[in-house]
Amino acid sequence: MLKNNITSILLIVIVLFVVPVIQAQESATIQAVATVLSALTVTGTNDLNFGNVTPGTPKSVDKTDVGNAGEWTVSGSASAEVQIDFTLPDSLRTATAAMDIIFLVTDASFEDGTGGGQASPAGNLNPSITNTENLNAANGSMTIWIGGQVDPSVSQPGGSYSGDIEITITLTGN
Amino acid sequence: MNRFWILIIIYFLIIATTLPLFAADESVTVNNNLTFGTMFPGIPKTIDKSSANAAEFSIGGDAGAEVTIDFSLPTYLSSGSNNMQIIFFTDGCAVDSNSTPNQSSPTYDDLNPWQTLTYDLGSSGLTVWIGGKAVPGFRQPAGTYTADIILTVQYTGL
C-alpha cells in the first residue's frame, strides 16, 4: 500500500513538473525581395575619324558629322540616371610622332529619345567634366557623339595617327 | 496488470489530454516582407530596420511570458540559377513590447539577428523588425530575387 502511494505521488510530481517544460514553438516565414534592373552595356560604334590631314592646317570633325564623329551606344534600364565621363587624349600618335588634338566643351552630345538624333540631339555634353543624364525613358538606350580638332604642325611627319578616347558610364542608382 | 502500470497508462493519458492546456497560445504573424525594391547592378542597397520596407513580424501570446526568438537567415537572394548576396548586420534587428509598437524608437534596438534573442511578451506581444543589405554584382542579371527569412519563437517556460 505504501509503495503504491509513493508511486502515485511520484507520477503526480512528474506530471506537474515535467509537462510544463514541454514548450510550444511557432515559426513564420517572410521573403526578402529585390528586383535587379538590366546591367549597362556600352559599345563604341564609330571612331572619330579625321581622314586626311594637311601639315599646318587644323581640321575639325563636328559631333553632328555622321560617319566621322565618334559614337557610342549605351543600353540599360529605362530612365536610369547615369554619369558620363570621358578620358581624352591630348595627342594622336604614330610610333615616332605626336599631333595635338583638342576637345571643346561643346564637342559632345547625346540622344535619349527626346531629341532629333545626331543632327539635333537631346543635349550637349562637356567632355572635360562628369555629365549626369538619364537613359531613354522607354527603352533605356542612349547614343553619345563626340567631335574634335587636330592641329598638325607645319612639319608634322606623315603617317597614320591614333589615340584612344574612352567613355565611362556609371549608374548613380537613381 | 498491476497498479503501477495502470498508473503509467493514466499518466500518459493525462499528458495526452492536458498537454494542449499547458501548450502556450503563441502565434507569429508576418506583417511585412523585407523589400529592396528596384536595384541597379553594382549598386548595393540597404534597408534599415526602421524603414517601412523592413521585415516585420508580430508575436502574440501570454503577456509576461518569456520567449526566445531565432532567425534563419539566407546568405543569397535567388532568381532562377542566379544569386545575389544579402547581408544581415549584427545590429540589424529591433524588438518592441509596447501595445503601440514604435519602429523608429523600439524598446530593444540594435539587436543581433544571428544570435538567439530572449524577451518577455508585452500586453500585445512583441513586434520584431529586421533590415538588411543586398549586394548586386556589376554584371548581376536582371530579375526578381527572393529568399526566405524564417523566424522561430519558443516559450522558455519562464
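Biologist: Hi! What does the secondary structure of chain B come to?
Modeller: Hello! This is a predicted model, and in it chain B has 1 helix and 13 strands.

Biologist: How many of the residues of chain B count as buried?
Modeller: Chain B has 158 residues, and 42% of them are buried. Its accessible surface is about 7800 Å², with 52% of that belonging to carbon and sulfur atoms.

Biologist: What about contacts between residues at least 6 apart in chain B?
Modeller: Of those contacts, 76% join residues at least 24 apart in sequence.

Biologist: Switching to chain A: what is the order of the open sheet of 3 strands?
Modeller: The order is S10-S5-S13, and the pairing is antiparallel.

Biologist: Which strands stand at the edges there?
Modeller: Those are S10 (131-134) and S13 (166-171) of chain A. Each has a single partner strand, so one side of each lacks a neighbour in the sheet.

Biologist: And what does the twist average?
Modeller: From one strand to the next, the twist averages 30°.

Biologist: Nice. Over how many bridges do S5 and S10(A) pair?
Modeller: Strand S5 of chain A, residues 81-87, pairs with S10(A) over 4 bridges in the antiparallel sense.

Biologist: Which residue in S10(A) does A:Gln83 stand opposite?
Modeller: A:Gln83 faces A:Thr132 across that pairing.

Notes:
Residues numbered from 1 in each chain as written. Chains lettered and ligands numbered in written order. Predicted model: local features only at pLDDT ≥ 70, side-chain atom pairs only at ≥ 80, totals over all residues. Heavy atoms only, no water. Helix = DSSP H or I, 4+ residues; strand = E, 2+ residues; numbered from the N terminus. Buried < 20%, exposed > 50% of the residue type's maximum accessible area, 1.4 Å probe, protein only. Contact = heavy atoms within 4.5 Å. Areas by Shrake-Rupley, 256 points an atom, 1.4 Å probe, with all protein chains shown as cover. Pairing = 2+ DSSP bridges. Axes fitted to C-alpha atoms, helices over the stretch in contact; angles between N-to-C directions.
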